[in-house]
Amino acid sequence: MSQLTPSNKIYMAKSSIDGAGRGVFARVNIHEGEIIEESPIVDLSNEDFGSLKETILINYYFSWGETYDQVAVALGYGSLFNNSESPNAKFIKRFDRQLIEFVSIHEIEKDQEIFINYGDSENSK
């Protein structure tokens, strides 16, 4: 496994979306195509997923696996990116590396909230 270090490009703060709670924001200007964060995942068993349904974590999981028959929780800020129909970032599931990459799809200015589209990525959430 290669070394993975936390991103120094982002921070967490109150979301600009009413009622959304927390969100992820740019600490610096981020260029289009730049990797924002690489979030390691915790791969959950079907039994764990059943238990997850009874907790608040049900709002923070990703479908996982080549056939999407598993679920995972992203660590770091990975599960805190909010949804938008006009996202400024996308996520790419790297099954072989057991992580999710978050990549900018537009220029993102310092202190701007970063959004993904939960149903639109190179491999859907």
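Asn-117 is buried, with a relative accessible area of 11%; buried means under 20% relative accessible area, exposed over 50%, and partly exposed in between, with a 1.4 Å probe and protein chains only. The structure is a predicted model, in which local features need pLDDT of at least 70 and side-chain atom pairs count only at pLDDT 80 or more, while totals for chains, interfaces and linings use all residues. Residues are numbered from 1 along each chain as its sequence is written, and side-chain values use heavy atoms, with hydrogens and water left out.

Asn-117 lies in the segment after strand S9 (113-116). Strands (E, at least two residues) and helices (H or I, at least four) are DSSP runs, numbered from the N terminus. The side chain of Asn-117 takes part in polar contacts (pairs of N or O atoms within 3.5 Å; within protein, one must be able to donate a hydrogen and the other to accept it, and residues adjacent in sequence count only if both atoms are side-chain atoms). This side chain reaches the backbone oxygen of Ser-84 at 3.4 Å, and a polar atom of the Asn-117 side chain lies 2.9 Å from the backbone nitrogen of Gly-119. Leaving aside residues up to four places away in sequence, Asn-117 touches Asn-83, Ser-84, Glu-85, Pro-87, Ala-89 and Phe-91, where contact means heavy atoms within 4.5 Å.

The protein has one helix and nine strands, which follow the pattern β-β-β-α-β-β-β-β-β-β along the sequence. With 125 residues, a compact globule would have a radius of gyration near 14 Å, and the 14 Å of the protein agrees with this. The radius is taken over C-alpha atoms, and the globule rule is 2.2 Å times the number of residues to the power 0.38. Along its principal axes the C-alpha trace spans about 40 × 35 × 25 Å. Of the 125 residues, 40% count as buried. Among contacts between residues at least 6 apart in sequence, 69% join residues at least 24 apart.

Two residues other than glycine with positive phi were examined in loops. Tyr-68, in the loop between strand S4 (61-64) and strand S5 (70-74), has a phi of about 55°. At 40% relative accessibility, Tyr-68 counts as partly exposed. Asp-111 is found in the loop between strand S8 (99-104) and S9, and its phi is near 75°. Asp-111 is also partly exposed, with a relative accessible area of 45%.
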